[in-house]
Amino acid sequence: MYERVVIYTYSEDRDELEAKAREGAVPIVTSTPGYIAYAVMFHDDKVVSVSQWESEAHAKEADGALIDWVKANTTMKVEQRFMGDLAWLERASR
């Protein structure tokens with residue numbers, strides 16, 4: 001699995017930004033081949049986006065589309081961006 005983590009800063013209303021992202025970013029992520037999972041966390045003036053992909057190529061395809069969407073539709077600015085192979089992932093057994 002391949003992971004993409006982006007930390008953004010933002011200056012717009014959090015609820016409006018979240019609604020906008022659910023409407024615009026989620027379809028980009030979920031329609032990109034190789035998609036496994038996507039999560040977003042808000043903390044103070046930061047947004048943390050974490051996604052998992054089957055391969056580096058899939059993650060890079062989504063990354064380009066998401067960065068373009070963010071620039072065109074939000075006040076978010078990339079503070080840090082990490083992409084790479086997961087060393088491991090532990091999941092709870094249910």
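This is a predicted model: local features need pLDDT of at least 70, side-chain atom pairs count only at pLDDT 80 or more; totals for chains, interfaces and linings use all residues.

Let me start with Ser51, which, once its neighbours within four places in sequence are left aside, is in contact with Tyr2, Glu3, Arg4, Ala37 and Tyr38. Ser51 belongs to strand 3, and its side chain makes a polar contact, at 2.9 Å, with the side chain of Trp53. Is Ser51 buried or exposed? Its relative accessibility is 0%, and because buried means under 20%, Ser51 counts as buried.

Staying in strand 3, which covers residues 46-53, we also find Val47, and this residue is buried as well, with a relative accessibility of 4%. Not counting residues up to four places away in sequence, Val47 touches Val6, Ile7, Tyr8, Tyr10, Leu17, Val40, Met41, Phe42 and Met76. By contrast, Ala57 is ten residues from Val47 in sequence, and the two C-alpha atoms are 24 Å apart in space.

Strand 3 is among the elements that give two or more residues to its lining, together with strand 1, helix 1, strand 2 and helix 2, and helix 1 gives the most, with seven residues. The lining has 18 residues, and those nearest the centre of the pocket are Ala21, Arg22, Ala25, Tyr38 and Val40. Sorted by class, the lining has 13 nonpolar residues, four charged and one polar.

Notes
Residues are numbered from 1 along each chain as its sequence is written. Side-chain values use heavy atoms; hydrogens and water are left out. Helices (H or I, at least four residues) and strands (E, at least two) are DSSP runs, numbered from the N terminus. Buried means under 20% relative accessible area, exposed over 50%, partly exposed in between (1.4 Å probe, protein chains only). Contact means heavy atoms within 4.5 Å. A polar contact is a pair of N or O atoms within 3.5 Å; within protein, one must be able to donate a hydrogen and the other to accept it, and residues adjacent in sequence count only if both atoms are side-chain atoms. On a 1 Å grid over the protein atoms alone, a cavity is a set of points where a 1.4 Å probe fits but cannot get out, and a pocket is an open set with protein on both sides within 12 Å along at least five of seven lines; lining residues have an atom within 4 Å of a point. Ala, Val, Leu, Ile, Met, Phe, Trp, Tyr, Cys and Pro count as nonpolar, Asp, Glu, Lys and Arg as charged, and the others, Gly among them, as polar.
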